[in-house]
Amino acid sequence: VEDETNQLFRASLAGYSAPDKRPWRLESQFWAAFFGGPVAAGALAWVNAGRLRLSRARRIAVLSIAAASLVLQAVGAAALAVADTASAIGDSDWRVLGLTVQGGGAVAHPFLHRVQRTGDRIFRLVRSEADYVSLWRPGFLTVLGGAPIGIAVAWIAANVAEP
Amino acid sequence: VTSSSPRVTPAGHELRDLPEADPEAWFLRSAALCALERYTEAAGAARAGLACDPRHLPLLALLAGAETELGDLARAERTMLWALELAPDDACLLGRYALLVARAGQLDKARGLVALAERADPDHVEVLRARSMLAYLEGRDKQWVITGGAGSIWLGAVTAIIALVEVGHTAAAAGAACAWIVWVAYSWIVPPLLRRYRGDVTGGSYCASALAGSSGASAQRRS
C-alpha cells in the first residue's frame, strides 16, 4: 500500500504537452458515418483517436468496430440480395446497396462514439466547445472516399450470395 | 492589482494597500486575479506570497490552479506535489491533484488519488467534485442520450417517422417530421448563438472553482 501511495506522489506530467491538433465533435461524426458507411466512420474515428491521444487498445477497438460493421454490412447486402428486396420494394439494386452502407455506418457510430468518449470528455474538461475543429471538409472527403468502397463491398457480397 | 500591474480594477484598489509581507494579502490578490481570469498575474502574486511563506497551502493550491489554467501542467504538478509533501493527507489537495492528472488523461492515477482523498475525508467538497468528474470522464453516468450520442436520437426519430408512414398514419408522420426538423434546426442554431452572445457557460475555470476549496485548506492549515 505504501508503495502504491508513493507511486501516486511521483511526478508523472513532466513530459506532458498539449495535443497539437484539435479533434472533431463526436456527434458530427454521425453524419459522415451515415452517408459514408463503416469505412468513412472508421477512418474519421481513427484519426480523431490520434488527436484525442487514445490508447493503442482503443485505437485497435476503432479498427475492429469499423471492420465488424463492414462485415455486417456485407452480410446484410448478401441477405437482401437473396431475398430480392429491390424487386419487393420496387427500388433499384444500387439503392438497396446504398441503404446497407448507410445502415453499416449508423450501426458503427454508437460504438465508435463510445470508444472515443473518455478522450473527448477529457478534451472538454480542458478546452471549450469552441475549440473543436470543423468536420465539414474532412467529413465530405471521407464520405466521397468511404461510400464507394462500402458500395463495392456490398456489391461483391450481393453477387457472391446471388450470382 | 500589484504595483507593477498595468490594469487596476476597483477591487484591486483595496487589495493594493494590503501589507506586502503578509502571505494572506498575497492570497487575496492572487484569488482576485484568478477570479478575473488573469492567471499569469495570479501566479505571480501567489509566488510573491510564497516568497514570504513557502509553506502556505492555500497559496500553493492557488498557484497550482493558475499554472493549470495557463496550460503548464508539469509546473502545476510540481507545485501540487510540494503542497502534498507538506500535507499528504489533505483531501482538498488530493482531489485537485486527481483532477490535474485527469486532464492529462492519467485516469488510473486519478482514481488512486481519489481513493486516497476519500480515505482522508470522504465528504470534502473537492473529493466529491473529483469523484463525480472522474465518473463522468470514464462514462459512468446514466445519461443514455449522451452515451448513444446524437445518432441514437436521430435513428429513433427517423425510425418512428418511417414506422408511422408504413402503418398508414401519413399525417402523423408529416407532423412528426416537421417537429423533428424544427427541433434539429433549434439544436443547431440556438447553442452557438448562446455561446456567442452569453459566453461559454458549460465550463468554469479550474482556478476559480478551486477557490472555494482554498478556504478549507486555509482553515486546516491554521488549525
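The model is predicted: local features need pLDDT of at least 70, side-chain atom pairs count only at pLDDT 80 or more, and totals for chains, interfaces and linings use all residues. Residues are numbered from 1 along each chain as its sequence is written, chains are lettered from A and ligands numbered from 1 in the order in which they are written, and side-chain values use heavy atoms, with hydrogens and water left out.

**The interface of chains A and B**

Begin by displaying both chains. Here 38 residues of chain B are in contact with 28 residues of chain A, contact meaning heavy atoms within 4.5 Å. The two chains bury about 2900 Å² between them, 67% of it on carbon and sulfur atoms; buried area is the accessible area (1.4 Å probe) that two parts lose on being put together, summed over both.

Across this interface the rule finds zero salt bridges, a salt bridge being a side-chain nitrogen of Lys or Arg within 4 Å of a carboxyl oxygen of Asp or Glu. It finds eight residue pairs in polar contact, both residues at pLDDT 80 or more. A polar contact is a pair of N or O atoms within 3.5 Å; within protein, one must be able to donate a hydrogen and the other to accept it, and residues adjacent in sequence count only if both atoms are side-chain atoms.

Next, colour chain B by element. Those giving two or more residues to the side that touches chain A are α5, α6, α7, α8, α9 and α10 (170–198) of chain B. Helices are DSSP runs (H or I, at least four residues), numbered from the N terminus. The most is given by α9(B), with eight residues.

**Helix α7 of chain B**

Select residues 107–120 of chain B. The 14 residues of helix α7 should span 20 Å at 1.5 Å a residue, and the end C-alpha atoms are 20 Å apart, which agrees; the expected span is 1.5 Å times one less than the number of residues.

The buried residues of α7(B) are Leu107(B), Lys109(B), Ala110(B), Leu113(B), Val114(B), Leu116(B) and Ala117(B). Buried means under 20% relative accessible area, exposed over 50%, and partly exposed in between (1.4 Å probe, protein chains only). These buried residues pack against α1 (2–8) and α5 of chain A, together with α5 (73–86), α6 (91–103) and α8 (125–137) of chain B.

Now show the side chain of Arg111(B), which is partly exposed at 38%. Arg111(B) forms a salt bridge with Asp108(B) (2.9 Å, N to O). Both residues lie in helix α7 of chain B, three residues apart, about one turn of the helix. Asp108(B) is exposed, at 58%.

A salt bridge also joins Arg111(B) to Glu138(B) (2.4 Å, N to O). Glu138(B) lies in the loop between α8 and α9 (144–166) of chain B, so this pair ties together parts that are 27 residues apart in sequence. Glu138(B) is buried, at 18%.

**A loop of chain A**

Finally, select Asp131(A), in the loop between α5 (93–126) and α6 (136–161) of chain A. Its side chain makes a polar contact of 3.3 Å with that of Arg127(A). Leaving aside residues up to four places away in sequence, Asp131(A) touches Arg22(A) and Phe123(A).

Then show Arg124(A) and Glu129(A), whose side chains meet in a salt bridge (3.3 Å, N to O). Arg124(A) is partly exposed, at 32%, whereas Glu129(A) is buried, at 16%. Over all chains, the count comes to 15 salt bridges.
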